[in-house]
Amino acid sequence: MKKLCFILAAVTAAHAQVPDSQPPASSAPAPAASQPASSSGTKGGSQQGFLGQDVPFFDPGSDIVQWNGKSWNINNNRIFEARFEKFLNAPEATTESDRDYNRLLNQIMDKLAPNTISAKSTDEAFQLLPQASEFDIDARLCDAIANQVYASWLAKRSNERLTAANQSLEKERQRLEWNSKMTAAGSSLGAPSSTDGAAAEEWKKQQQLKRDMEMQPLATRLVEVNALLKANQLKREVAELQVKIEFQALIVQHFLQRRFQHVVIGTRFYRSIFSDGDSLLRVGEDSKSLFSKTTGMPPTVGTLDSLANEAMRDVREGVQAFKFLLEKDELESATKRLAETFILGEYMPEVRTITRDDKRRALAFVQKSNQLISAIEVKDYALAEKLVKDLDVSAKDFDNSKPMAAIETARTVAAMHIAKAKNAAVSGDKTTLENELKSATEIWPRNPALAEVGGMIFSQADVQQRALVDFDQLLSQKNFRQIFDDKMRFIAATAMYPQKQEQLRKVLDDMAIIEAAIIRAQEVEKRGDYAGAWESAESAFLQFPDDNKLNQVRANLTTKAADFVRALKRAEEQEKKDQLGSSLAWYLKAQKNYPASDFARAGIERINAQLLPDAK
Amino acid sequence: MARRKKSSLQPLWIIAAIALLAAAFLGSALFQSTGNDPFRTVAVLDIPAYLDNANSLRGNIYKVEGEVSNSLAWSPSSGRLIAVDVKDDTIPVLVTNEFNAINIQKGQKFIFVIEVDENGVLKTKDLSKA
């Protein structure tokens, strides 16, 4: 199989594949250079391949196809994928027409089989070729074989005529040689007596001249006949060789097209026509070397015949393996075997009769596999993970180690960057935040956590901005109580703004004083000391007159300690009017009401100091 | 013979005598009560009016009787400032230096003759124990 693949598989339909793109010639060496040179089959880095540059060369070791100076991976080729998917979606070729066509090809091969072949069976096989060529699937290949057979027969008849002509020429040559020999021997009749020396000498000269004159046309004709003989012989050999080469080319073409049944038919016709035992393929030295190194055989028509038969057997085995693996739900292996078999035996009846349902199962796996490759290529690891899970369920033999390794690695690294980004966001480090988010995005662009973090950050920013606006507004309204009640929100919002942080700190410190005063007032009130409670609230009120809660507490206590408060207030009023005596009287009255009053004591001391500046 | 007029004035005389006796008693009592106040001719300070608006009393002289409740301050140049309880109120009184010889202690009752100065301070013009 390996040998077969080396020559055939990849040859994969010269008509079926072209490179995805046609980069400039200058850029071609780059992809080629990236492939293992040792397995490319090229010599010394040159692009000289099997049958020159015109036929694709496949290296099964690397799944790389080289053609016309370009290289690409057959497993990752858009056109191959498209062709394979087209096959997987096509209905099975089990129509009456398909069955008739296969039956015809089998009949032709049977009639040309070595154990049954005869002149009659050969003629019968020849007559079936036009019938087979009428089917679309045949693509007129049987017609091409028939034409080549007919041309070969014509060439053979022409050679027979040349042989007959040569036989006539041979007789003519023999006759001329005889005549020449007789002429050269000469005659002694009429010769002068030997005593007359001069006359005898003269007679010899005349006789020599006469022989020469008689020999000249014979010799000339003999040369001509010999030349004609050689020319006819050469012509016959050339004509036969030309027909052989044409026939061989046709067989090789069918071989490269993976039309192995046609290859077998062609080789059997070839052997019946050219029974001289000369079946050597007239191909270039590179191709000869390729055949001999890979098959261990000289490149002959027989080699092609055996390779074609081997390919057909391999296709049958591949289809059987596919069906067995499919039964076992081992879709990955089944799909690989089918792809290999499809490459080799796309036109074989065993491949073409695979049911559409079976192919659709393989198609589902192929589509998901391709989708998985694409998802990993575009770093959509969420989709990739989903596909891996699907494939795990549908294909028992699916190897998820590589994709899962890629997914887990990306997820871990992205999570680390996101964690750093979150920390940076909390600490207000915008530069680190941006860098970490960028890194996380590069690793896993469609990471759901990114949207979550982004949303969180944007939402946080929005909440923060709103909180800052509220803070400024409440500050301008001196509504410190509201700020105090929402202090957690404002603490978080002002975390990145030192100036506002300081403002908030002062507000919270003041509110702490107010709250302490309120608590103290309420505690004193519980003891029934309303004047003392009022003083506690009043002392805070003087400092923070805008706090509603404090005002409310103070108002309540004012009612409960009305006489004391009234006395103090009157004292303060009189003090402001410089009625120090009256003011002092009121302070004394207040002190009488609440002897522990700080306000009253302070007022008395203050008035005393004014009345008696030098008091001791 | 003319009927002799009946004597009916005798109860009137009795009533008149009683009235005279009562008047004499009351006069005696009144005389007794004012006889110990050396400043009985001086008007008493209207405490509520003073607390309400001392300006209206500025420059006037009044007398006020009360109990010393506290010594507020003492100035060598101005005198002693004391708190005097008058009924339910307490008022400050400045006992000037001219009365330094008089001991003034908490709980003692005095009658102060005071003048309402411009700041509403009650400056002692005279005093005596009550």
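Mentor: β1(B) and β4(B) pair in the antiparallel sense, over 7 bridges. Within that pairing, B:Ile61 has B:Glu115 of β4(B) as its bridge partner. The model is a predicted one, and what follows describes that model.

On to the next pairing of β1(B). With β2(B), β1(B) again forms an antiparallel pair, over 7 bridges. Here B:Asn70 is found opposite B:Ala83 of β2(B). A hairpin of 3 residues connects β1(B) to β2(B).

β4(B) also has a pairing with β5(B). Strand β4 of chain B covers residues 109-116 and strand β5 of chain B covers residues 122-129; they are antiparallel, with 7 bridges between them. In this pair, B:Ile111 faces B:Ser128 of β5(B).

These pairings belong to a barrel in chain B, closed by 5 strands in the order β1-β2-β3-β5-β4. Taken as a whole, the pairing in the barrel is mixed. From one strand to the next, the twist averages 55°.

Now to what lies against the strands. Helix α24 of chain A, residues 580-593, lies across β2 (79-86), β3 (89-95) and β5 of chain B. The helix runs at about 135° to β3(B).

As for the two chains, 21 residues of chain B are in contact with 18 residues of chain A. On the chain B side, the elements that give two or more residues are α2 (47-52), β1 (61-75), β2 and β3. By class, that side of chain B has 13 nonpolar residues, 7 polar and 1 charged.

Helix α23 of chain A, residues 562-576, and α24(A) have axes that come within 8 Å and cross at roughly 160°. An angle over 145 degrees counts as roughly antiparallel, and α23(A) and α24(A) are therefore roughly antiparallel to each other. Their crossing is left-handed. From α23(A), the residues that make the contact include A:Phe564, A:Leu568 and A:Ala571. From α24(A), they include A:Leu580, A:Trp586, A:Tyr587 and A:Ala590. Sorted by class, the contact of α23(A) with α24(A) has 8 nonpolar, 4 polar and 4 charged residues.

Methods:
Residues numbered from 1 in each chain as written. Chains lettered and ligands numbered in written order. Predicted model: local features only at pLDDT ≥ 70, side-chain atom pairs only at ≥ 80, totals over all residues. Pairing = 2+ DSSP bridges. Helix = DSSP H or I, 4+ residues; strand = E, 2+ residues; numbered from the N terminus. Axes fitted to C-alpha atoms, helices over the stretch in contact; angles between N-to-C directions. Contact = placed C-beta atoms within 7 Å. Nonpolar A, V, L, I, M, F, W, Y, C, P; charged D, E, K, R; others polar. Parallel < 35°, antiparallel > 145°, perpendicular 65-115°, else oblique. Left-handed = near helix turned anticlockwise from the far one by under 90°.
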